[in-house]
Amino acid sequence: MGKGGGCVPSKKKVPHVAGGSPSSATAGTSRTAPIQRDDTSADDTTEIAQASSSEVAAAATGMARLRIFIVFYSMYGHVEGLARRLKKGVDGVEGVEGVLYRVPETLSTEILQQMRAPPKDDSIPVITAEELAAADGVLFGFPTRYGSMAAQMKAFFDSTGQLWKEQKLAGKPAGFFVSTGTQGGGQETTAWTAITQLAHHGMLFVPIGYTFGPGMFKMESIRGGSPYGAGVYAGDGTREPSETELALAEHQGKYMALVVKRLNR
C-alpha cells in the first residue's frame, strides 16, 4: 500500500496547496466548485425549505447554531486543503458552522524538519479529546499509512478513553476524508479501517455514497475520493489537490451539515 500525504519526504519543493496562501501550504481561499450535481431534486428542495423554516424557528427561540468539528492531521498540507473546503461546504448551510481543529503532533520539530514538513498554521487550534463532546457532528481527516490512518490521528483516538467509558460520543454523526500517495494507496481502506473507532464510541458513520453525482463517475483525470468520503492523491507530496477533489470535499461538508440538521430537528 502506498503512503499518503507525502509520507516519504520529497526533495522537491513543498507544494502550494490549492486554495492556499503564500505563508502556509495549508491556508485556503474560497473557490467555486467546478462540478455540481446536474439539478436539484425535489427531495433536496424540500430539505432546503424545511431547513430554512427550522432556522427561522431557531432564531426566534435563540437556539445556538449547530457545530460540526473538522478534526484533521496534515503533514504536508493536502488534508488541510480538503478540510478548508469541507468547512466552506458546512458553512454554506444555514444554522450550521464548521470548526477547524488539528490533532496533536507526535513527531519532534527536528524530525519534521528532516521530513521537509512545512510549519503548521497557528490559527487552527489543537483539539483535546474532551472537546469532542461539544460537537454536533465530526469530520475526521488524515493521510494514510499503509492503508490505515496516520499514527497522529490514531494517538488522538487512543486518548478518547474517558469519552468511550461514558459514551459521550454515542449517536453523533461522523465521516472521514483522506489523503494517499497513489491510486492503490488506500482511498477506501484508509476510511474503512477507521470505522472501528466510530463503532466503539457508538457514533453514526455518514458516507457520501454517490451523492456528488456526475463528478463521481468522471474518468478523464485522476481523482481522489470514494463513497466513503473526500480524498486527494498527494503523489510524492508535490501534487496539489485538483478542483474536482476540492469540490467533492465541499460537497461532503454540505452533505454532512444537512444530515446533522435533520438529526437535530
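These legends accompany close-up views of one predicted protein model.

Residues are numbered from 1 along each chain as its sequence is written, and side-chain values rest on heavy atoms, with hydrogens and water left out. Because the model is predicted, local features need a pLDDT of at least 70 and side-chain atom pairs count only at pLDDT 80 or more, while totals for chains, interfaces and linings use all residues.

**View 1. The whole chain, to get your bearings.**
The protein chain holds eight helices and seven strands; helices (H or I, at least four residues) and strands (E, at least two) are DSSP runs, numbered from the N terminus. Of its 265 residues, 52% count as buried. Here, buried means under 20% relative accessible area, exposed means over 50%, and partly exposed lies in between (1.4 Å probe, protein chains only). The accessible surface comes to about 12,100 Å², and 55% of that belongs to carbon and sulfur atoms; these areas come from the Shrake-Rupley method with a 1.4 Å probe, and for residues only the protein chains shown count as cover. Among contacts (heavy atoms within 4.5 Å) with a separation of 6 or more, 79% are made by residues 24 or more positions apart.

**View 2. Strand β3 and its neighbours.**
Start with β3 (137-145), where nine of its nine residues are buried. Strands are said to pair if DSSP finds at least two bridges between them. Strand β1 (residues 66-72) pairs with β3 in the parallel sense over five bridges, and you can find I68 opposite G137. Strand β5 (residues 173-180) also runs parallel to β3, over six bridges, with F140 standing opposite F176.

Which sense of pairing links β3 and strand β4 (residues 148-149)? The two strands pair in the antiparallel sense, over two bridges, and S148 in β4 is the bridge partner of R145. Two residues lie between the strands of this hairpin, and Y146 in the turn has a positive phi of about 55°.

**View 3. T190 and the residues around it.**
T190 sits in helix α6 (residues 189-192). With a relative accessible area of 0%, T190 is buried. Leaving out residues up to four places away in sequence, T190 touches F142, P143, T144, G147, S148, M149, V178, T180 and G185.

Side chains of opposite charge can pair when their charged atoms come close. A salt bridge here is a side-chain nitrogen of Lys or Arg within 4 Å of a carboxyl oxygen of Asp or Glu, and by this rule the count comes to 10. In this view E80 bridges to R84, with the closest N and O atoms 3.1 Å apart. The two are separated by about one helical turn because they are four residues apart in helix α2 (residues 78-91). At 1% relative accessibility, E80 counts as buried.

**View 4. A salt bridge between two loops.**
E105 and K120 form a salt bridge whose closest N and O atoms are 2.9 Å apart. E105 lies in the loop between β2 (96-102) and α3 (109-114), and K120 in the loop between α3 and β3, so the pair ties together parts that are 15 residues apart in sequence. E105 is partly exposed, at 25% relative accessible area, and K120 is partly exposed, at 25%.

K154 and D158 meet through their side chains in a salt bridge of 2.6 Å, N to O. Both belong to helix α4 (residues 151-158), where being four residues apart puts them about one helical turn from each other. Is D158 buried or exposed? D158 counts as exposed, at 52% relative accessibility, whereas K154 is partly exposed, at 32%. Turning to the network, salt bridges that share partners join E80, R84, R102 and D121.

L107 is found in the loop between β2 and α3 and is partly exposed, with a relative accessible area of 31%. Setting aside residues up to four places away in sequence, L107 touches M75, L112, M115 and Q152. L107 and Q152 are 45 residues apart along the chain, and their C-alpha atoms are separated by 8.4 Å.

**View 5. Helix α8, end to end.**
Helix α8 (residues 243-263) has 21 residues and should span 30 Å at 1.5 Å a residue; its end C-alpha atoms are 30 Å apart, which agrees. The expected span is 1.5 Å times one less than the number of residues. This helix is mostly covered, with 16 of its 21 residues buried.
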